Amino acid sequence: MDIAEKLRLSIRELSEGEHTPGLTAIVRHVEAAIRHFDRADSSEDEDAYTDCIYRTNQVYEGSLKEAYRILSGQDPNKKSLFDIEKYFDGDSTLRSRVIKQMSRYREDYRNPSTHDYKLDFDENEAILAILSVTAFAKLLVAQMKSKIDADFLKNDPSFKPDSKVRQKSESVSEFAEELAHSLEKFLNNDAEHLDLASREPVALVTAFLEKSGLKLVRDVYMEKDQDWLEWDVIVTNKSGYKVPIEVKTSR
C-alpha cells in the first residue's frame, strides 16, 4: 500500500483554497521521509532513520496548522504550534480518535526528537512514525473535508432547512419522530437537487440540522454498561430534548 498516495488522494478531494499549498507540502514531507527510510535500508546509514523522524515532524506540524486554518477559521501563521496543540487539546473540534493520534505522535516522536539532540531512532521507530503521522494527517484531512463541505452546504441557497424540528415537543420520542421524518424527507427528496456527489455524508446531515436551527454536539462518547457508545452528533431542540444520531453509509 502506498500511504503517501492514499494521503494525496484524500487531499485532492478537498476544494482548493489557502490550505492547498500547505497540504501539498505535507505529502512531499511524507515522500521525503520514505526516501530517508529507503536510504537507511540500502546504505546502512543509521542516521537516515533520525532524518526520517525530522521529516515526519514536518508532516505533524503542517497537518495541525492547516487543520487549524480550516476548523478554527484563523490564520495558523500567527500562532505557535504549542498554541495550536493547546487549542485542539482543550476544544471539542477534533474527533476523539484524532486527538489520540495527535497525543501519541507528539509524545513518542516529536517531543523526544525536538528536545534531545543526542537521540537516535532505529528502523522500527522510523516506520512506525511514518505510518502514525500519515494516518494522523489523513484523519485530519477527512475532518477538514467535512467542515468545508458543511460550510458549502449551509451557504447554498437551494439547501432548504426544516424549521419545524426545532420547535417545542411534548416528549423526546415526539422530537425523535419529527427529526427522523425530516431527515428522511431531506435525504430522499431535497438532497437530490444538490451537487452532493463528493460531499461528506456527516457534513450533509449536520449542515441540514444546523441550518434547521438545532443545537449540535459532535463526536460524543457515552459510557453505558461498562462500555462506550460513540455518536456522530447529539441534537437538541427548543424544548431541550436530545436525540443521538449515528451516520452510516453503504455503497
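**Packing of H5 and H6**

In this predicted model, the side of H5 that takes part in the packing contributes Arg97, Val98, Gln101, Met102, Tyr105 and Tyr109, and these meet Glu125, Leu128, Ala129, Ser132, Val133, Ala135, Phe136, Leu139, Leu140 and Gln143 in H6. An α-helix has 3.6 residues a turn, so residues three or four places apart point the same way.

Two packed helices are described by the angle between their axes and the distance between the axes. For H5 (residues 96–115) and H6 (residues 123–154), the axes come within 10 Å and cross at roughly 150°. Because angles over 145 degrees count as roughly antiparallel, H5 and H6 are therefore roughly antiparallel to each other, and their crossing is left-handed.

Helix H6 can also be checked for its length: its 32 residues, at 1.5 Å a residue, should span 46 Å, and the end C-alpha atoms are 47 Å apart, which agrees. At the start of H6, the backbone nitrogen of Asn124 has a side-chain oxygen of Asp122 within 3.2 Å.

Elsewhere in the chain, His29 lies in helix H2, which covers residues 20–43. Apart from neighbours within four places in sequence, His29 is in contact with Arg55, Gln58 and Val59, and the side chains of His29 and Arg55 are joined by a polar contact of 2.9 Å. His29 and Gly62, although 33 residues apart in sequence, are 9.5 Å apart in space from C-alpha to C-alpha.

Definitions and conventions. Residues are numbered from 1 along each chain as its sequence is written. This is a predicted model: local features need pLDDT of at least 70, side-chain atom pairs count only at pLDDT 80 or more; totals for chains, interfaces and linings use all residues. Side-chain values use heavy atoms; hydrogens and water are left out. Axes are lines fitted to C-alpha atoms, for helices over the stretch in contact, and angles run from 0 to 180 degrees between N-to-C directions. Helices (H or I, at least four residues) and strands (E, at least two) are DSSP runs, numbered from the N terminus. Angles under 35 degrees count as roughly parallel, over 145 as roughly antiparallel, 65 to 115 as roughly perpendicular and the rest as oblique. A crossing is left-handed if the near helix is turned anticlockwise from the far one by less than a right angle, and right-handed if clockwise. Contact means heavy atoms within 4.5 Å. The expected span of a helix is 1.5 Å times one less than its number of residues. A polar contact is a pair of N or O atoms within 3.5 Å; within protein, one must be able to donate a hydrogen and the other to accept it, and residues adjacent in sequence count only if both atoms are side-chain atoms.
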